[in-house]
Amino acid sequence: MNQSDVMILENVSKSFGEDWARESVVENLSLTVKRDQLTAIVGPSGCGKSTIVNLLAGFELPDEGRITLEGKPVSGPSKDSLVVFQETALMPWLTTYQNVVFGPQLRGDMPKNELKSAAESIIDTVGLREFRDKYPLQLSGGMQRRAELARALINQPLVMIMDEPFRGLDAMTRQLMQEFYLRLCEQEARTNVFVTSELEEAIILADSIVVLSNKPASVREMLQIDLPRPRNLDMLNSTEAYEYKRHAMEILHEEAMKSFKGTDTNSDFLEAYSRRA
Amino acid sequence: MSNQNVSSRPTGLQYFLYKSAKALKTPTPYLAFLGITLWLVTYYLLCEQWRIFPFYKVPGPLEVITEWINKDPIWGTSLFTEDYYINIWVSCRRIFIAFALATGLGVPLGLFMGWSQKFKDYAFPILELLRPIPILAWVPLAIVMFAGFETPIIYLATLASFFVTALNTMLGVESIDESYFRAAGCLGSKKHHIFLNVVVPGALPYIFTGLQISIGVAWFSLVAAEMISGDYGLGYMIMDSYMVNKYTTMVMAMLTLGFVGWITSAMVRSAGDRMMQWRERALGQGGA
């Protein structure tokens, strides 16, 4: 094991369903998450990304293969591999502050005053100081995402797993969140797995991109993204970024075609992708 | 995005006055008043003016109200006689005991059924078997089981209310989005943490919906029980006045029931609003 490898997946397979109608969702997936780097996972929609998130977080266990976090096998959910969820999972009955301290408070692994100052500084970092005593329903979509980031960050996880965290936000807010997250990652390096279906988002944020194959999901290609840091969203217009995008889009398109051959349910998706490529 | 120009939150009476003044600027109170007036006028016309079938035997509003506020009531009961208040008090006390028992038993049972599949497998079939038995069918058994007037009546009201509370609470737990459990799980919460910090608060909205229905059901079965076997209480007052043809008193007791029932369910509602600030504030103030 290399010192810079935080999380390793080796030949992981997972299938669902009854014996006579077994559907393989993840097959022979091997990848490595590097320390202090942002690894993005992209793939055609419906390819099994959510299952991969569940496996990484320990909500599901693999049928075959091994997942290790710092050398230890992942056997269930823990604060070391925290998920920031697709739709907001802030407890609606707790204020921003109460949500942020939820984990450490229940685990009781942080002295009270230390927790208080840690929470306050993290709430400051995500720019929610004035909203610390508001309930999630009183926050806008973007603020909810930031509150959720704060709730994860305070636990100092070994790996942050972002499951399409900016999905469902309007285009403007989404861009702002991407910029915000980019700055956050560049200020203090963290080990990140960022699952998304937006290629541009992946290119601008990631150090490396894992492009998945169509279902059953396995690694189709690993791309190193060597755009200089600090980055900004304008870099998406550079030739390099365009080259990454074109290349990845080609693969995604090919993979999407495969699902098209089998059935016609994905035709809308296919059409959408071909138009953009 | 700044919140600093908002003045500090008013408290107590100030807040109440502010809310009342605001409410008076909406059509709601006037429409409610108009609705009640229209109902009273129709009621008056049908029963006291035109006296058409089947309303000609029903005491009209004027007749009931005059009797109600009569210092020397023709039929013996009004706002100025002691027995009127005894009946209200006795019914309210029974409701309070029954509702407290039903909530104390029903909420925990529902929480556990919703939380643990195993527990649900044990308990739910029994609940579903007993729940459809109409509360009136329990009356003879209740009388056989308990001596006196008080216990069987409270027992019946508790029973009816308990089923509603338990079922709603269970559905409340089942309605909680899986993602909250997942979030709590990966933040490292233990099982009992999840129960107290996710299951209970997450089920509260359903629990309070259930409690509002259950207090209505408690009144329903209480009155039914009081009518069949009772010594005091509003149900007894209705039945007793019917037996001796005091129809005016009977209608008075019915309207009193309406008022008291309304007040109790408003109390449950406001208790719920207090416990669910997170919903109140979000809905009431339209976010930040």
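Reply: We take the labels in turn and set each against its definition.

This is a predicted model, where local features need pLDDT of at least 70, side-chain atom pairs count only at pLDDT 80 or more, and totals for chains, interfaces and linings use all residues. Residues are numbered from 1 along each chain as its sequence is written, and chains are lettered from A and ligands numbered from 1 in the order in which they are written.

Me: What makes A:Leu236 partly exposed?

Reply: Count its neighbours. A residue is buried if 20 or more other C-beta atoms lie within 10 Å of its own, exposed if 12 or fewer, and partly exposed in between, with C-beta atoms placed from the backbone. A:Leu236 has 17 other C-beta atoms within 10 Å, so it is partly exposed.

Me: Where is A:Leu236 found, and which residues does A:Leu236 touch?

Reply: A:Leu236 sits in the loop between S10 and helix H7 (239–262) of chain A. Helices (H or I, at least four residues) and strands (E, at least two) are DSSP runs, numbered from the N terminus. Leaving out residues up to four places away in sequence, A:Leu236 touches A:Glu200, A:Ile203, A:Ile204 and A:Ala241. Touching means contact: two C-beta atoms, placed from the backbone, lie within 7 Å. A:Tyr135 is 101 residues from A:Leu236 in sequence and 36 Å from it in space, C-alpha to C-alpha.

Me: Why is strand S7 of chain A called largely enclosed?

Reply: Strand S7 (residues 159–163) of chain A has five buried residues out of five, so the rest of the structure largely encloses it. Both faces of S7(A) are covered. A:Val159, A:Ile161 and A:Asp163 are buried on one side, and A:Met160 and A:Met162 on the other.

Me: How do you know that S7(A) pairs with S6(A) and with strand S8 of chain A?

Reply: Count the bridges. Two strands pair if DSSP finds at least two bridges between them. S6(A) and S7(A) run parallel and are joined by four bridges. S7(A) and strand S8 (residues 192–196) of chain A also pair in the parallel sense, over four bridges. Both pairs pass the test. In the S8(A) pair, A:Asp163 stands opposite A:Val195.

Me: What makes S6 and S10 edge strands in the open sheet of six strands?

Reply: The order of this sheet is S6-S7-S8-S3-S9-S10 (chain A), with mixed pairing. Strand S6 (81–84) and strand S10 (219–224) of chain A each have a single partner strand, so one side of each has no neighbour in the sheet. Neighbouring strands here are turned by 20 degrees against each other on average, direction ignored. S10(A) runs antiparallel to strand S9 (residues 208–212) of chain A, with five bridges between them. There, A:Leu212 stands opposite A:Val219.

Me: How do you know that S4 and S5 of chain A pair?

Reply: Two bridges join strand S4 (residues 64–69) of chain A to S5(A), and they run antiparallel. The cut-off is at least two, so the pair counts. A:Thr68 stands opposite A:Pro73 in S5(A). Helix H1 (residues 49–57) of chain A packs on this sheet and touches strand S1 (5–16), S2 and S4 of chain A. The direction of H1 makes about 55 degrees with that of S2(A). Axes are lines fitted to C-alpha atoms, for helices over the stretch in contact, and angles run from 0 to 180 degrees between N-to-C directions.

Me: What makes up the secondary structure of chain B?

Reply: Chain B has 12 helices and zero strands. Of its 288 residues, 34% count as buried.

Me: How many residues of chain B are in contact with chain A, and which helix gives the most?

Reply: 19 residues of chain B are in contact with 25 residues of chain A. H8(B) gives the most to the side of chain B that touches chain A, with six residues.

Me: What is meant by the largest nonpolar core?

Reply: A nonpolar core is a set of buried Ala, Val, Leu, Ile, Met, Phe, Trp, Tyr and Cys residues joined through C-beta atoms within 7 Å. The largest one has 131 residues. A:Ala40, A:Ile161, B:Leu156, B:Ala157 and B:Ala218 touch the most other members. B:Ala157 has B:Ala218 and B:Leu222 among its contacts. In soluble globular proteins, nonpolar side chains tend to be buried together.
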